[in-house]
Amino acid sequence: MLDNAPRGTICIEDIEIGMVRSLRKQVTDRDIELFAEVSTDRNPVHLDDDYAHDTIFGGRIAHGMLTAGLISAVIGEQLPGHGTVYLGQSLKFLAPVRPDDMVLAEVEVMEIDHSKRRVKMETRCIVNGKKVLVGEATVLAPSRKFD
């Protein structure tokens, strides 16, 4: 399940501090399997129930970068959206995401440098009201003047 707002672009001229955009996605077994295939990260904590049961997680978990990818989806599709160039991202993983968890990925505009078209955003992913990932992203936003 994916709940993503309409796609498009918010140009630097229209971005304001405090703007928030988000999406909700249920992480499925298929998502985890596909991510393992694409990334070639086949750590058994993601794919093998028996193995994962004996880890500190007590069961399988999604790849952290799969969860982080949801932040990229919000940035690339909603805020700022199409035409955005990712410049950097910090991530801190606070808790695991498990198969069938509903993840809320959010970005919030914290700083804007209009002269350089740079936007700094707080990023976070939440499961059942608990933050599982936090970080900051810096992007080059599209502009009506240049794009």
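Ile 17 sits in the loop between β1 (2-4) and β2 (20-26). Strands here are DSSP runs of E of at least two residues, and helices are runs of H or I of at least four, numbered from the N terminus. The model is predicted: local features need pLDDT of at least 70, side-chain atom pairs count only at pLDDT 80 or more, and totals for chains, interfaces and linings use all residues. Residues are numbered from 1 along each chain as its sequence is written, and side-chain values use heavy atoms, with hydrogens and water left out.

Is Ile 17 buried or exposed? Ile 17 is exposed, because its relative accessible area is 59%. The cut-offs are under 20% for buried and over 50% for exposed, with partly exposed in between (1.4 Å probe, protein chains only). Ile 17 touches Val 109, Met 110, Glu 111 and Ile 112, not counting residues up to four places away in sequence. Contact means heavy atoms within 4.5 Å. Ile 17 and Lys 120 lie 103 residues apart in sequence, yet their C-alpha atoms are 9.5 Å apart in space.

Glu 106 belongs to strand β4 (residues 102-113). Glu 106 counts as buried because its relative accessible area is 16%. Its side chain makes a polar contact of 2.6 Å with that of Arg 124. Such a contact is a pair of N or O atoms within 3.5 Å; within protein, one must be able to donate a hydrogen and the other to accept it, and residues adjacent in sequence count only if both atoms are side-chain atoms. Beyond its neighbours within four places in sequence, Glu 106 has contacts that include Arg 21, Ser 22 and Ile 71.

Next comes the core. Of the 30 residues in the largest nonpolar core, Ile 15, Leu 79, Val 119 and Met 121 touch the most other members. At least two residues each come from α4 (64-77), β4, β5 (118-127) and β6 (130-140). Helix α4 gives the most, with 6 residues. A nonpolar core is a set of buried Ala, Val, Leu, Ile, Met, Phe, Trp, Tyr and Cys residues joined through side-chain atoms within 4.5 Å. Outside four places in sequence, Met 121 contacts Ile 75, Leu 79 and Val 107, among others.

The whole chain reads β-β-α-α-α-α-β-β-β-β along the sequence.

| Chain property | Value |
|---|---|
| Span of the C-alpha trace along its principal axes | about 55 × 25 × 25 Å |
| Buried share of the 147 residues | 39% |
| Share joining residues at least 24 apart, among contacts between residues at least 6 apart in sequence | 66% |
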